[in-house]
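Me: Could you walk me through how to read some features of a protein model? I'd like the general idea each time, and then the case at hand.

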Amino acid sequence: MVNYKDLGLVNTREMFAKAINGGYAIPAFNFNNMEQLQAIVKAAAETKSPVILQVSSGARKYANQTLLRYMAEGAVQYAKELGWENPQIVLHLDHGNSFELCKSCVDFGFSSVMIDGSALPYEENIALTKQVVEYAHQFDVTVEAELGVLAGVEDEVSAEESHYTKPEEVIDFSTRTGCDSLAISIGTSHGAYKFKPEQCTKDPVTGRLVPPPLAFDVLDAIMEKLPGFPIVLHGSSSVPQEYVDIINAHGGNLPNAVGIPEEQLRKAAKSAVCKINIDSDSRLAMTAAIRLTFDEHPEYFDPRKYLGPARDEMEKLYKHKIVEVLGSDNKA
Ligand SMILES: [Zn+2]
């Protein structure tokens, strides 16, 4: 049993309260490897932004759970070395699907866990979430729950269709479970293919797909029921078209990849939305940089020669999100 406080990590409670009052959102970036982690920590340290390091169960399988835990511990030390005196770093389990997985993360030094019971019937979601909350709160670990279903594919999470969160359920759900934050469904979606072309309109000038807008009326109704309660948006990558273009121009094939416009995320960040999850955008930045490097330098075979530029591109992306989209810079 390791407590996150001994690793220098923090939970989300105070961070979210400040974000709601300050009208900004905390970035939650997923990581699977060293280069991603370096880029996230460097971007957060240099912009003085609180940050949530997210680990999915797929990442735990890919990178090994023990190694990931020490990487997070290393991330705190690395942040200090970069001159960030009091790093505000959360280690968070993304989409925990069982009590056992959440418990194992709490015991392993995570400062926050998500229990995703959104695919279960309502009462079962409540029972499972409550069980995780009761365990996690003993160790001051915060818990994110989910109500409503997001479409799209993310690691082992996938759903054909989205179901918006029902505002009439949120008071009952948050009261009975005791969760610290709530992931809702208002039209965001997992992955790089958030919408089918037939769900989109076309920009007459560029010919690009324009996704349907987020359901801000549902968000408003939820905020009215739960004033000041931390709301989380999953599936909030913007799928920057410049990366998609680079990938497609250098041997890739990502037709019709489309995300959530940054303008809409900016609007959400000013509300009670205090955590915005971004994963696909960093995958795209990394892939674009690697494809470009390989195309320009077929002679390269030292991984540092292509993972280095990939890391630089991800850092640039994370800083852009922090400063231009979420507004969390200089808040830690
Ligand atoms: Zn998610």
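Predicted model: local features only at pLDDT ≥ 70, side-chain atom pairs only at ≥ 80, totals over all residues.

Me: Where is Asn 125 found, and which residues is Asn 125 in contact with beyond its neighbours within four places in sequence?

Reply: Asn 125 is part of helix α6. Setting aside those sequence neighbours, Asn 125 contacts Gly 117, Ser 118, Leu 120, Glu 146, Leu 147 and Phe 173.

Me: Let's turn to charged pairs. What should I look for in general?

Reply: The idea is simple: side chains of opposite charge can pair when their charged atoms come close. The cut-off used for a salt bridge is a side-chain nitrogen of Lys or Arg within 4 Å of a carboxyl oxygen of Asp or Glu. By that rule, the model has 23 salt bridges.

Me: How would I read the one between Asp 140 and Arg 13?

Reply: Begin with the distance: the side chains of Asp 140 and Arg 13 meet at 2.9 Å, N to O. Then place the partners. Asp 140 sits in the loop between α6 (122-137) and β5 (142-147), while Arg 13 belongs to helix α1 (residues 13-22), so this pair ties together parts that are 127 residues apart in sequence. As for accessibility, Asp 140 is partly exposed at 26%, and Arg 13 is partly exposed at 40%.

Me: What about the salt bridge of Lys 130 with Glu 134?

Reply: There the closest N and O atoms are 3.3 Å apart. Both residues are in helix α6, and because they are 4 residues apart, about one helical turn separates Lys 130 from Glu 134. Lys 130 is partly exposed, with a relative accessible area of 36%, and Glu 134 is partly exposed too, with 49%.

Me: And how far apart are the closest N and O atoms of Glu 262 and Arg 266?

Reply: They are 3.9 Å apart, and the two residues form a salt bridge. In helix α10 (residues 262-269), Glu 262 and Arg 266 are 4 residues apart, so about one helical turn lies between them. Glu 262 is buried, at 18% relative accessible area, whereas Arg 266 is partly exposed, at 24%. The pair also belongs to a network: salt bridges with shared partners join Glu 262, Glu 263, Arg 266, Asp 281 and Lys 321.

Me: Now helix packing. At what angle do α10 and α12 pack?

Reply: Read the angle together with the distance between axes. For α10 and α12 the angle is about 65 degrees, with the axes 9 Å apart. That makes α10 roughly perpendicular to α12. The residues that meet are Glu 262, Leu 265, Arg 266 and Ala 269 in α10, and His 320, Lys 321, Glu 324, Val 325 and Leu 326 in α12. By class, this contact has 4 nonpolar, 1 polar and 4 charged residues.

Me: How do the axes of α2 and α12 cross?

Reply: Helix α2 (residues 34-47) and helix α12 (residues 303-326) have axes that come within 8 Å and cross at roughly 40 degrees. The two helices are therefore oblique to each other, and their crossing is right-handed. The α2 side of the contact includes Ala 39, Ile 40 and Ala 43, and the α12 side includes Met 314, Tyr 318 and Ile 322. The residues of this contact divide into 9 nonpolar, 3 polar and 6 charged.

Me: Is Tyr 318 buried or exposed?

Reply: Tyr 318, in helix α12, is buried, with a relative accessible area of 0%. Not counting residues up to four places away in sequence, Tyr 318 touches Phe 29, Asn 30, Gln 36, Ala 39, Ile 40, Ala 43 and Ser 282.

Note on methods
Residues numbered from 1 in each chain as written. Heavy atoms only, no water. Axes fitted to C-alpha atoms, helices over the stretch in contact; angles between N-to-C directions. Parallel < 35°, antiparallel > 145°, perpendicular 65-115°, else oblique. Left-handed = near helix turned anticlockwise from the far one by under 90°. Contact = heavy atoms within 4.5 Å. Nonpolar A, V, L, I, M, F, W, Y, C, P; charged D, E, K, R; others polar. Buried < 20%, exposed > 50% of the residue type's maximum accessible area, 1.4 Å probe, protein only.
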